[in-house]
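Me: I want to go through this model and ask what stands behind the words used for it. Please set each value against its cut-off and then conclude.

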Amino acid sequence: MRHLVDEAGLSDRIVVDSAGTAGYHLGDDADPRSRAVLEAAGYSFDHVARRFESSWFADRDLVIALDSGHRDLLLRAAHTPEERAKVHRLREWDPEARRSGDKDVPDPYYGGDRGFDDVLEMVERSCEGLLEHVRAQLGA
């Protein structure tokens, strides 16, 4: 998403952030298979795992989850209807997910290497749609 925001010249108006919903990998770098797929696709990044804090709702317009389980954890962390309204699943903006009805990004960690490529494709499609949504909200 950050790559698309930069390409669109909107990095002065859109801040992209990342955090998990659990503390399993706090301080860790990205999985080596994730890094390999992202680097092969031309993405550069600096990532250290951290956990989402409920106080962050105040500073964010959207809080995006990759699957229903993460969405449910984020909804439980929200204190108000306004905070809960900020929580969405990423594939809400994936045209293929709209057709299939499956809005969860699968976890590639326990599957084969191809799973990481498949997830990247889903995320890229979804982020393109999400960027269009955000642009419309900004009037950009």
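Reply: One definition comes first: a helix here is a DSSP run of H or I with at least four residues, and helices are numbered from the N terminus. The model is predicted. Helix H6 covers residues 114-138, and Gly 139, with a positive phi near 75 degrees, follows H6.

Me: How many helices and strands does the protein have, and in what order do the elements run?

Reply: There are 6 helices and 2 strands. Starting at the N terminus, the order is α-α-β-α-α-β-α-α.

Me: How do you know that the span of H6 agrees with its number of residues?

Reply: The expected span is 1.5 Å times one less than the number of residues. For the 25 residues of H6 this gives 36 Å, and the end C-alpha atoms lie 36 Å apart, so the two agree.

Me: Which residues of H6 are buried, and what covers them?

Reply: The buried ones are Phe 116, Val 119, Leu 120, Met 122, Ser 126, Cys 127, Leu 130, Leu 131 and Val 134. Their cover includes H1, H2 and strand S1 (63-65). As a general point, an α-helix has 3.6 residues a turn, so residues three or four places apart point the same way.

Me: What makes up the largest nonpolar core?

Reply: A set counts as a nonpolar core if its buried residues are joined through side-chain atoms within 4.5 Å. The largest such set has 10 residues: Leu 4, Val 5, Leu 10, Ile 14, Leu 90, Trp 93, Cys 127, Leu 130, Leu 131 and Val 134. At least two residues of this core come from each of helix H1 (2-7) and helix H6 (114-138). H6 gives the largest share, 4 residues. Another core lies apart from this one; it has 8 residues, including Phe 52, Trp 56, Val 63 and Ala 78. In soluble globular proteins, nonpolar side chains tend to be buried together.

Me: Which residues is Trp 93 in contact with, leaving aside its neighbours within four places in sequence?

Reply: Trp 93 touches Ile 64, His 88, Arg 98, Arg 125, Ser 126, Gly 129, Leu 130 and His 133.

Me: How many aromatic pairs does the structure hold?

Reply: It holds 3 aromatic pairs. In one of them, Phe 52 and Trp 56 stand edge-to-face, with 5.3 Å centre to centre and 80 degrees between the planes.

Me: Why is the pair of Phe 52 and Phe 57 called edge-to-face?

Reply: Ring centres must lie within 6.5 Å, and planes over 60 degrees apart count as edge-to-face. The centres of Phe 52 and Phe 57 are 5.1 Å apart and their planes stand at 75 degrees, so the pair meets both conditions. Ring pairs join Phe 52, Trp 56 and Phe 57 into a cluster.

Me: Why do Phe 52, Trp 56 and Phe 57 count as buried?

Reply: Buried means under 20% relative accessible area. Phe 52 has 14% and is therefore buried, Trp 56 has 16% and is buried too, and Phe 57 has 0% and is buried.

Me: What are Ala 40 and Arg 13 called on that scale, and why?

Reply: Over 50% counts as exposed, and values between the two cut-offs count as partly exposed. Ala 40, in helix H2 (residues 32-40), has 73% and is therefore exposed. Arg 13, in the loop between H1 and H2, has 44% and is therefore partly exposed.

Me: How do you know that the radius of gyration agrees with a compact globule?

Reply: A compact globule of 140 residues would have a radius near 14 Å, and the protein has 15 Å, which agrees. The C-alpha trace spans about 40 × 35 × 35 Å along its principal axes.

Methods
Residues numbered from 1 in each chain as written. Predicted model: local features only at pLDDT ≥ 70, side-chain atom pairs only at ≥ 80, totals over all residues. Heavy atoms only, no water. Phe/Tyr/Trp six-rings, centres within 6.5 Å; stacked < 30°, edge-to-face > 60°. Buried < 20%, exposed > 50% of the residue type's maximum accessible area, 1.4 Å probe, protein only. Contact = heavy atoms within 4.5 Å. Rg over C-alpha atoms; globule rule 2.2 N^0.38 Å.
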